[in-house]
Amino acid sequence: MDAIKVIEIKKSVFEDNDKDAENLRKELKDKGVFLLNLMSAPGSGKTTTLIQTLNRIKDKVHVAVMEADIDSDVDAVKIREATGVSSIQLHTGGMCHLDAEMTRQGLDNVELKDVDLVVLENVGNLVCPAEFDTGAVRNAMILSVPEGDDKPLKYPLMFTVCDLVIINKTDVMPYFDFDLNRCKEYIHQRNPKAQVIPICAKTGEGVDAFAQWLLAEVNAWKNN
Amino acid sequence: MHELGIVFYIVKDVKQVAEENHVEHVSSVVMDIGEVSTVVPHLLTDCWRWAADKEDVLRGCEMKVNTIPAVTLCGDCNKEYETVKFGKTCPYCNSKNTWLLRGNEVEINSIIV
């Protein structure tokens, strides 16, 4: 056997995924498709928020939804039934996040020809989805009031990579020790550019603001 | 368990380097893991053991982890300090206008063959 040899690599583990994600974004730009990566902890109300939002925008843009979970298709079925929007379920095979390659495989199953907007509902998790660029044009996350206003301090990377933070379940704010201004301050410490939109997906309050943000982003992506 | 996802990337990269260099067996992989990268070294090495033994070229291959200390730079007083000890707030001038200089690495440093 040969003598011991050291081969230097010095390469970030995320480098390949970052390249895949950048290529995917370029392809989506050419096709005029806007991809939103929606992240959050489990139970923050991602699917309910999506249903409210899709019902407000589905007549203005052509939308498709990709639901990513470890198992089951309850979310995809729920979206289809409540909005009529085409929705597919991706299974991550036990993985706690989606990467750019998995996102691409998901998009291969979406009829993109007439679609303006694809919403990717990532696996409920505040750690790993933040580390893996999916190739999305924008990242948004939902923080729900019962989770606490200090989450931006505890999961800094998630709040650093998001363009938009939606604060959901504002109707229960009186029952929790949640200070909206303090939460915004923590978010902006991590990410001065992040926009913050408070909503209540259950009553629909504030959802219009998110819908407008989304429509403006889709238009900007298609037209610039 | 994001360590497992990261391990799959490492397996892919190391196998590729081994193939490019016509290496039959890799005996160790050296990782540089930043203190605040959110990767837990012992979980990473546990996942590595499980995944590496499924590959002929990596069977029995050991993973060594170098921990890279996290250092933050203060944008106001320009001093550097230990991130893990003081977090986002500069211990010298109390500013929150601070930036992580290093400590976020998840890198494959080298392989030993």
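Biologist: What is the relative accessible area of B:Arg102?

Modeller: B:Arg102 has a relative accessible area of 37%, so this residue is partly exposed, where buried means under 20%, exposed over 50% and partly exposed in between, with a 1.4 Å probe and protein chains only. This is a predicted model, in which local features need pLDDT of at least 70 and side-chain atom pairs count only at pLDDT 80 or more, while totals for chains, interfaces and linings use all residues. Residues are numbered from 1 along each chain as its sequence is written, chains are lettered from A and ligands numbered from 1 in the order in which they are written, and side-chain values use heavy atoms, with hydrogens and water left out.

Biologist: Okay, and which residues does B:Arg102 touch, not counting those up to four places away in sequence?

Modeller: B:Arg102 touches B:Pro69, B:Ala70, B:Val71 and B:Glu80, with contact taken as heavy atoms within 4.5 Å. B:Arg102 belongs to strand 5 (residues 98-102) of chain B, strands being DSSP runs of E with at least two residues and helices runs of H or I with at least four, numbered from the N terminus. The C-alpha atoms of B:Arg102 and B:Val71 are 5.5 Å from each other, although 31 residues separate the two along the chain.

Biologist: Staying in chain B, where is B:Ser37, then?

Modeller: B:Ser37 is in the loop between strand 1 and helix 2 of chain B, and because its relative accessibility is 3%, B:Ser37 counts as buried. Apart from residues up to four places away in sequence, B:Ser37 touches A:Glu131 in chain A, as well as B:Gly103, B:Asn104, B:Glu105 and B:Val106. B:Thr38 is in the loop between strand 1 (28-34) and helix 2 (41-52) of chain B, but B:Thr38 is partly exposed, at 42% relative accessible area.

Biologist: What about phi of B:Thr38?

Modeller: Phi of B:Thr38 is near 70°, a positive value in a residue other than glycine. A:Lys10 also has a positive phi, near 45°, and A:Lys10 is placed in strand 1 of chain A.

Biologist: Are A:Phe14 and A:Phe132 buried or exposed?

Modeller: Both A:Phe14 and A:Phe132 are buried, and together with B:Tyr9 they form one aromatic cluster. A:Asn17, in helix 1 (residues 15-31) of chain A, is in contact with residues including A:Phe132 and B:Tyr9. A:Asn17 is also buried, with a relative accessible area of 1%.

Biologist: And how is the pair of A:Phe210 and A:Trp213 arranged, which way do the rings go?

Modeller: That aromatic pair is stacked, at 6.2 Å centre to centre and 25° between the planes. A:Phe210 and A:Trp213 are three residues apart in helix 9 of chain A, about one turn of the helix. A:Phe210 is buried at 1% relative accessible area, and A:Trp213 counts as buried at 8%.

Biologist: At what angle do helix 2 and helix 9 of chain A pack?

Modeller: Helix 2 (residues 46-57) and helix 9 (residues 207-223) of chain A pack at about 65°, and their axes are 9 Å apart; axes are lines fitted to C-alpha atoms, for helices over the stretch in contact, and angles run from 0 to 180 degrees between N-to-C directions.

Biologist: Which residues of the two helices meet?

Modeller: From helix 2 of chain A they are A:Thr49, A:Gln52, A:Thr53, A:Arg56 and A:Ile57, which meet A:Val207, A:Asp208, A:Phe210, A:Ala211, A:Leu214 and A:Leu215 in helix 9 of chain A.

Notes: Rings of Phe, Tyr and Trp (its six-membered ring) pair if their centres lie within 6.5 Å; planes under 30 degrees apart count as stacked, over 60 as edge-to-face and the rest as tilted.
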